[in-house]
Amino acid sequence: MANKRKDTFEQWIEEGVVENKLAIAQSLSMQGQSLNEIANALDMTKKTLITLQKKHQSLANAIQTGRLSVVAMCQNKLMEKVSAGDTTA
């Protein structure tokens, strides 16, 4: 049987850097970076990043969590303004 080639995520696990890479992806996502920008920071193409997200739920979760935390933060700031009587909010 031929050896199955490991994908980038599996290589990260083997190298012991997967948690660091997930943190980078989540942080960039929180900053509003695009998938293309996140992929570039992780030294891969956007297509590869999308493929890895489909195969490895923890990567998809890291990016999604980053996006959701930004949305929550914006909602909280908006509600603070509304509660303070800001009618333009």
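I took helices (H or I, at least four residues) and strands (E, at least two) as DSSP runs, numbered from the N terminus.

**Basis.** I worked on a predicted model, in which local features need pLDDT of at least 70, side-chain atom pairs count only at pLDDT 80 or more, and totals for chains, interfaces and linings use all residues. Residues are numbered from 1 along each chain as its sequence is written, and side-chain values use heavy atoms, with hydrogens and water left out.

**Fold.** I found five helices and zero strands in the protein. From the N terminus on, I read the order as α-α-α-α-α.

**Dimensions.** The protein has 17 Å, whereas a compact globule of 89 residues would have a value near 12 Å. The C-alpha trace spans about 70 × 20 × 20 Å along its principal axes.

**Contacts and surface.** I counted a contact where heavy atoms lie within 4.5 Å. Among contacts with a separation of 6 or more, 52% come from residues 24 or more positions apart. I noted that 24% of the 89 residues count as buried (under 20% relative accessible area, with exposed over 50% and partly exposed in between; 1.4 Å probe, protein chains only). The protein exposes about 6,300 Å², and carbon and sulfur atoms supply 54% of that area.

**Charges.** I counted Lys and Arg as positive and Asp and Glu as negative, leaving out His and the chain ends. Each charge was placed at NZ of Lys, CZ of Arg, CG of Asp or CD of Glu. The mean positions of the 11 positive and 9 negative charges are 6 Å apart.

**Helix α1.** I examined both ends of this helix. D7 caps the N-terminal end of α1 (residues 8–15), where a side-chain oxygen lies 3.0 Å from the backbone nitrogen of F9. Just after α1, G16 takes a positive phi of about 75 degrees.

**D43.** I next looked up a loop residue. D43 lies in the loop between α3 (35–41) and α4 (46–55). Most residues other than glycine have a negative phi. D43, although not a glycine, has a positive phi of about 60 degrees. I recorded D43 as exposed, at 73% relative accessibility.

**S27.** I located S27 in helix α2 (residues 18–30). S27 is partly exposed because its relative accessible area is 31%. I found S27 and G66 to be 6.4 Å apart in space, C-alpha to C-alpha, although 39 residues apart in sequence.

Terms used:
Rg over C-alpha atoms; globule rule 2.2 N^0.38 Å. Areas by Shrake-Rupley, 256 points an atom, 1.4 Å probe, with all protein chains shown as cover. Polar contact = N/O pair within 3.5 Å; in protein donor to acceptor, adjacent residues only side chain to side chain.
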